[in-house]
Amino acid sequence: MRRLRLAGLVFGALLPGPLKRTWLRRVFGYRIASSARIGLALLDARELELGPGVEIGHFSAVLNVERFVADEKARGDRAVPATAQRSRLTASRCRPRLGN
């Protein structure tokens, strides 16, 4: 069963943004705001919640996490892997966005 779940998560990671959000919501029951942006990322959590404006960058990984919550406008990138039982990503724990 674990391999099937992982295969579904990898498949979902390869989908473009709108399809990825729909896939993750319907198949895994994740709560993802429609304005959340997810790059090529593996999101393996029993419960996952991404608030409005959240950005998860390419090559990010959330692995074997019980509950993962990213607050409004939080941004995670390669430097933010999550492997704890419970993880919370807030705007104050993320790197500031550079540029525009």
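Predicted model: local features only at pLDDT ≥ 70, side-chain atom pairs only at ≥ 80, totals over all residues.
The chain has two helices and seven strands. Read from the N terminus, the order is α-α-β-β-β-β-β-β-β. So much for the outline.

Let's take the helices. Helix α1 covers residues 2-14. Helix α2 covers residues 17-28. How do α1 and α2 pack, and at what angle? The angle is about 160°, and the axes are 9 Å apart. Angles over 145 degrees count as roughly antiparallel, and α1 and α2 are therefore roughly antiparallel to each other.

Who meets whom in that contact? From α1 come R5, G8, L9, F11, G12 and A13. From α2 come K20, W23, L24 and F28. By type, the residues of this contact are six nonpolar, two polar and two charged.

Is P18 buried or exposed? P18 is exposed, because its relative accessible area is 53% and the cut-off for exposed is over 50%. Look also at P18 and S34. They are 16 residues apart in sequence, and their C-alpha atoms are 8.1 Å apart in space.

Now the strands. Start with the open sheet. Three strands form it, in the order β2-β4-β6, and the pairing is parallel. The edges are β2 (37-38) and β6 (75-76). Each has a single partner strand, so one side of each is left without a neighbour in the sheet. Strand β4, residues 55-56, pairs with β2 over two bridges, again in the parallel sense. To find that pairing on screen, go to R37 and its bridge partner in β4, E55.

Next, the pairings that involve β3. Strand β1, residues 31-32, runs parallel to β3 and is joined to it by two bridges. There, I32 has L50 of β3 as its bridge partner. How many bridges join β3 to β5? Seven, and these two strands also run parallel.

On to the core. Buried residues make up 39% of the 100 residues in the chain. The largest nonpolar core has 19 residues. Which residues have the most contacts inside it? They are Y30, L43 and L50. Helix α2 and strands β3 (42-50) and β5 (61-70) each supply at least two residues of this core.

Stay with Y30 for a moment. Leaving out residues up to four places away in sequence, Y30 touches R5, L9, L24, R25, L43, D44, A45, R46 and L48. Two of the names on that list, R5 and L9, also sit on the α1 side of the helix contact. L24 is there on the α2 side.

A word on contact range. Take the contacts with a separation of 6 or more: residues 24 or more positions apart account for 10% of them.

Most residues other than glycine have a negative phi. F59 is not a glycine, yet its phi is positive, about 65°. F59 sits in the loop between β4 and β5. F59 is exposed, with a relative accessible area of 56%. N64 also has a positive phi, about 50°, without being a glycine. N64 lies in strand β5. With a relative accessible area of 48%, N64 is partly exposed.

That's the tour.

Technical notes
Residues numbered from 1 in each chain as written. Heavy atoms only, no water. Axes fitted to C-alpha atoms, helices over the stretch in contact; angles between N-to-C directions. Helix = DSSP H or I, 4+ residues; strand = E, 2+ residues; numbered from the N terminus. Parallel < 35°, antiparallel > 145°, perpendicular 65-115°, else oblique. Contact = heavy atoms within 4.5 Å. Nonpolar A, V, L, I, M, F, W, Y, C, P; charged D, E, K, R; others polar. Pairing = 2+ DSSP bridges. Buried < 20%, exposed > 50% of the residue type's maximum accessible area, 1.4 Å probe, protein only. Core = buried A, V, L, I, M, F, W, Y, C linked by side-chain atoms within 4.5 Å.
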